[in-house]
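Biologist: Could you walk me through this one? I'm new to it.
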Amino acid sequence: MKKAERLIDLKQPWANQLTVGNIEIRVLSRPKIKPQELEGALKSEKKAVSVVRELREEDYGREKRRLGSS
Amino acid sequence: MDGKSEDLVLLDTCVFLKYFFAEEGKDIVGVLLEKIVSKELKAVVSVCTLSELVTVCIRSKKEEMIPTIILFMRQNFYVANTTPETAILAGYFKAQYSRNQKTLSYVDSVILATSFLYGSVLLTYDSEYDEVKEVGIKTPEEYLE
C-alpha cells in the first residue's frame, strides 16, 4: 500500500484523468441518458394506456380464476 | 399540505409509454421529463413500472432498449421498492376500489400505495384511478398547467 502511494503522485486527487508512468488512468462514468434518446424508442400499434391496461388485466384475469371469484 | 407535496410526482407506466411510443401528447411528457432530469422536479417510479417496461420492450422486439431505459430511470428517478408496508396498503386499496364491477389490479394498487406512502402526486392517463380519494391523481397536462 505504501509502495503504491509513493508511486502514485496525486497532485490533483480530484482529477478524473491521471498518468502514472506509462499508464493513463481515466475515470469513466456512464453517460447521462437524455429524454430525447427515448422518444419514439418503442413501437406499438396500441395506445400506451391500452398496453398497460392489457398487461395488468392479464394478471387480474389469472387472479380471478385462481381465487374463483367472478 | 396534508403531508403531500406537489413537487414530488410518481409517474405511472403509461406516461413513459406515451413518450416512448411517440404518441400524440408526447411533448407534454417530454416537458415533464426535462423538469425531472434538470432536478426541477423530484420524481418516483415504482419497481412495478420497471417490470412493465421490460415486458413491453421484449414484446415489441426492442430488447436492446432495456439497459438504456433502466439507466435513465436510475439516473433520474427514485426507484421505490414494494416494501411490506406498500404491500399491506396496496391490499387495502385493492379491496377498497375493486367493487361494483370496478377493478384495481395489484400493480395499480401497488403504484397507488407507493404514491400514498411518498406523499406524491400520481401522474397517469389511466381512468382506473378515477374514484381514488387518498392520493392526488393528475394527468401530466393537468399537473403542468
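Biologist: Which strands of chain B does helix α6 lie across?
Modeller: Helix α6 (residues 106–118) lies across β1 (8–11), β2, β3 and β4 (121–123) of chain B. It runs at about 145° to β2(B). Helices (H or I, at least four residues) and strands (E, at least two) are DSSP runs, numbered from the N terminus. Angles run from 0 to 180 degrees between N-to-C directions, with axes fitted to C-alpha atoms, for helices over the stretch in contact. Contact means C-beta atoms, placed from the backbone, within 7 Å.
Biologist: What should I know about the model and its labels?
Modeller: This is a predicted model: local features need pLDDT of at least 70, side-chain atom pairs count only at pLDDT 80 or more, and totals for chains, interfaces and linings use all residues. Residues are numbered from 1 along each chain as its sequence is written, while chains are lettered from A and ligands numbered from 1 in the order in which they are written.
Biologist: In what order do the strands of the chain B sheet come?
Modeller: The open sheet of 5 strands goes β3-β2-β1-β4-β5 (chain B), with parallel pairing. Pairing takes at least two DSSP bridges between two strands. At the edges are β3 (78–80) and β5 (137–138) of chain B, each pairing on one side only.
Biologist: How many bridges join β2 and β3 of chain B?
Modeller: 3 bridges, in the parallel sense. V45(B) sits opposite V79(B) in β3(B).
Biologist: Switching to chain A: which elements does it have?
Modeller: Chain A has 2 helices and 2 strands. They run α-β-β-α from the N terminus.

How values were computed: Two residues are in contact if their C-beta atoms, placed from the backbone, lie within 7 Å.
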